[in-house]
Amino acid sequence: MEIVFGEVILRDYRLTDVEDEVRWTNVDTAWFYESTPWLTLAPVDPDELRKDMVQIMSDLSEDAIRWRFEVESAGRHIGTVSSYYLDKNYEPTPWGAIDQRKNAEENGSIRALGVEICERAFWGREIGTKALAAFMEYYRSLGEHQFLLETWSGHARMLGCARKLGFVETKRQKAAYVVGGKAYDGLVLEKRI
C-alpha cells in the first residue's frame, strides 16, 4: 500500500528498508534521543531484524489495517509513522487485546500516533507534520475521528507539529521525565476530525 500526500509518501515496509533501520538503531540515533532522551536505545542485530521484517511483510495482507507506514520524501526512506492504542484513561491498551481487523472505536480505544523522521537532513521541513496529516487521513477513511499524541514538554519540534495539526492538550503529568537534570511534563494531546 502507498499513500501520496504532496512531497511525502507513506508506504509499506520493504526489505531494502532494513539497512536504514539498522543504521537508525545502531549509529544515527539522534531522532530517538530527541523524542525520548531518558531512555537507552538497544542496538539491533541486522540478521534478526531482516528475519523479523520478512515475517511481518509475508503476514501483511493488502486489505489489513496498517499500524505503521514508512515515510519517504525526495525518493529517500527517511522515517516512520506508527500507531498504537490508548484506553479512555490514556493508558496503553495491551497489543494482544486488540483485534487487528477493527478500528480504534471498535476496539474500545483511541488511536495514538507517532512519527519519527530519522534522517536529520529532513528535520525542520514540516515533513513529519505532513506525514501525520496523511496518516490521520488514512484512518479517517476507515471511520476514525479521534487521535492522540504522547510527548514531553521539552520536545519543541513535536509540540510545533501538534499545534500545526490542531491538537490540543488533554492530559499533563507534572515532572514525568528528567532530562539533563531538569524536570519535564508528560503530555497527551488530542485531535478530533
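Predicted model: local features only at pLDDT ≥ 70, side-chain atom pairs only at ≥ 80, totals over all residues.

Reader: Let us begin with burial. Is E72 buried or exposed, and where does E72 lie?

Author: Burial is judged from relative accessible area, and a residue under 20% counts as buried. E72 has a relative accessibility of 13%, so it is classed as buried. Its place is in strand 3, which covers residues 68–73.

Reader: Which residues are in contact with E72, apart from its neighbours within four places in sequence?

Author: With those neighbours left aside, the contacts of E72 are E7, V8, I9, R11, R14 and H77. One of these, R11, also has a polar contact with E72: their side chains are joined at 2.6 Å.

Reader: Is D63 buried or exposed, and in which part of the chain is D63 found?

Author: Here the cut-off for exposed, over 50%, applies. The relative accessible area of D63 is 67%, and therefore D63 is exposed. D63 belongs to the loop that lies between helix 3 (46–59) and strand 3. The side chain of D63 makes a polar contact of 2.8 Å with that of S61.

Reader: How far apart are D63 and M1 in sequence and in space?

Author: Separation along the chain and separation in space are to be read as two quantities. D63 and M1 are 62 residues apart in sequence, while their C-alpha atoms are 8.9 Å apart.

Reader: I turn to the rings. How is a pair of aromatic rings described?

Author: Two quantities are used, namely the distance of the centres and the angle of the planes. This structure holds nine aromatic pairs. In the pair of F69 and F135, the ring centres are 5.9 Å apart and the planes stand at 80°, so the arrangement is edge-to-face. Because F69 lies in strand 3 and F135 in helix 4 (residues 127–140), the pair ties together parts 66 residues apart in sequence. Both F69 and F135 are buried.

Reader: Which residues form an aromatic cluster, and which charged end sits over the ring of Y139?

Author: One aromatic cluster is formed by W38, W152, Y177 and Y184. Over the ring of Y139 sits the charged end of R111, at 3.8 Å from the ring centre. Likewise, the charged end of R157 sits over the ring of W123, at 4.2 Å from the centre of that ring.

Reader: How many residues of helix 4 are buried, and what span should helix 4 have?

Author: At 1.5 Å a residue, the 14 residues of helix 4 should span 20 Å, and the C-alpha atoms at its ends are 20 Å apart, which agrees. As 10 of these 14 residues are buried, helix 4 is largely enclosed by the rest of the structure. Among the buried residues are G128, L132, F135 and Y139.

Reader: Finally, which strands pair with strand 8?

Author: A pairing is read from its direction and its bridges. Strand 6 (residues 146–152) pairs with strand 8 in the antiparallel sense over seven bridges, and T151 stands opposite L187 of strand 8. Strand 7 (residues 168–179) also runs antiparallel to strand 8, with eight bridges joining them; there V178 stands opposite A183. Strands 7 and 8 form a hairpin with two residues between them, and G180 in the turn has a positive phi of about 60°. Eight of the 11 residues of strand 8 (residues 182–192) are buried, so this strand is largely enclosed by the rest of the structure.

Key. Residues numbered from 1 in each chain as written. Heavy atoms only, no water. Helix = DSSP H or I, 4+ residues; strand = E, 2+ residues; numbered from the N terminus. Buried < 20%, exposed > 50% of the residue type's maximum accessible area, 1.4 Å probe, protein only. Polar contact = N/O pair within 3.5 Å; in protein donor to acceptor, adjacent residues only side chain to side chain. Contact = heavy atoms within 4.5 Å. Phe/Tyr/Trp six-rings, centres within 6.5 Å; stacked < 30°, edge-to-face > 60°. Lys NZ or Arg CZ within 6 Å of the ring centre and 35° of its normal. Expected span 1.5 Å × (residues − 1). Pairing = 2+ DSSP bridges.
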